[in-house]
Amino acid sequence: MNEGLFLFDPVVVHAAAAAVGLVLIAGASEKLRDIELFRYAVENYRLLGSRAAALFAPLFAGAELLAGIGLVFETTRPFAMWLALAVMLAATGGVAVNLLRGLDRIECGCGTGGQRISWGLVGRNVCLIGLIVLAAADEQSRQLGVLDYFSVAGTILALLAIYASANQLLANQPLLKELQS
């Protein structure tokens, strides 16, 4: 059996889609909970004017929420994948542009609170983009059994734990740098 086909197993594809969907839903929920704080974070990126940031913030958070919900359901996944890619590319692009400009003391606005932008954040987002692409892949056609659904749930939990761990490491990174200096 070809080991590369493992990535296209329905268990992996469904778990990747649901995990990224949940990450996007959680991030959007935090942004929508305090849209003014998110608008302020968008303004701090200095890529949009104040008026444009005020329009962009709720549209971005809404698109993120729709993408997350859409990824969870198989019937809406093709559209949601494109929307999720647009959201992630916009967010990652904004971070990368500011890092290249030397502005690294900006709160990311990711919805996690207290996290500054960094190349690690870009790397985390690239991994999420990879999972989005995987979620859109043509899966192998096979019937899912009862054990497969437990495997999907376990894989989702594992992916979310990895994501939470990466976020915690990224949030602690500036603190560690300050302690070292």
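## Helix 4 and the basis of the model

At 1.5 Å a residue, the 24 residues of helix 4 should span 34 Å, and the 33 Å that separates its end C-alpha atoms agrees with this; the expected span is 1.5 Å times one less than the number of residues. Helices (H or I, at least four residues) are DSSP runs, numbered from the N terminus. Helix 4 is followed by G102, whose phi is positive, near 85°.

This is a predicted model, in which local features need pLDDT of at least 70 and side-chain atom pairs count only at pLDDT 80 or more, while totals for chains, interfaces and linings use all residues. Residues are numbered from 1 along each chain as its sequence is written, and side-chain values use heavy atoms, with hydrogens and water left out.

## Nonpolar cores

The largest nonpolar core has 22 residues, of which V20, L24, L71, A84, M88, L128 and I132 touch the most other members. Helix 1 (10-33), helix 2 (35-44), helix 3 (50-72), helix 4 (77-100) and helix 5 (119-135) each supply at least two residues of this core, and helix 4 gives the most, with seven residues. Such a core is a set of buried Ala, Val, Leu, Ile, Met, Phe, Trp, Tyr and Cys residues joined through side-chain atoms within 4.5 Å, where buried means under 20% relative accessible area, exposed over 50%, and partly exposed in between (1.4 Å probe, protein chains only).

When neighbours within four places in sequence are left aside, V20 is in contact (heavy atoms within 4.5 Å) with L71, L128, L131 and I132.

## A nonpolar surface patch

On the surface, L22, I69, V72 and F73 form a nonpolar patch with about 330 Å² of accessible area together. Patches of this kind are made of residues with over 30% relative accessible area and no salt bridge, with nonpolar side chains (Val, Leu, Ile, Met, Phe, Trp, Tyr) joined within 5 Å and like charges within 9 Å; the areas come from the Shrake-Rupley method with a 1.4 Å probe, and for residues only the protein chains shown count as cover.

## Salt bridges

A search of the whole structure finds four salt bridges, each defined by a side-chain nitrogen of Lys or Arg within 4 Å of a carboxyl oxygen of Asp or Glu. E30 forms one with R33, the closest N and O atoms being 2.3 Å apart; because E30 and R33 are three residues apart in helix 1, they are separated by about one helical turn. E30 counts as partly exposed at 35% relative accessibility, whereas R33 counts as exposed at 60%.

E64 forms a salt bridge with K31, with the closest N and O atoms 3.0 Å apart, and this pair links distant parts of the chain, E64 being in helix 3 and K31 in helix 1, 33 residues apart. E64 and K31 are both buried. In helix 2, where E36 and R39 lie three residues apart, about one turn of the helix, E36 forms a salt bridge with R39 at 2.9 Å between the closest N and O atoms. Salt bridges that share partners join E36, R39 and E43 into one network, and E36 counts as partly exposed at 47% relative accessibility.

## A positive phi at R46

R46 lies in the loop between helix 2 and helix 3, and its phi is near 60°, a positive value in a residue other than glycine. Most residues other than glycine have a negative phi. R46 is exposed, with a relative accessible area of 57%.
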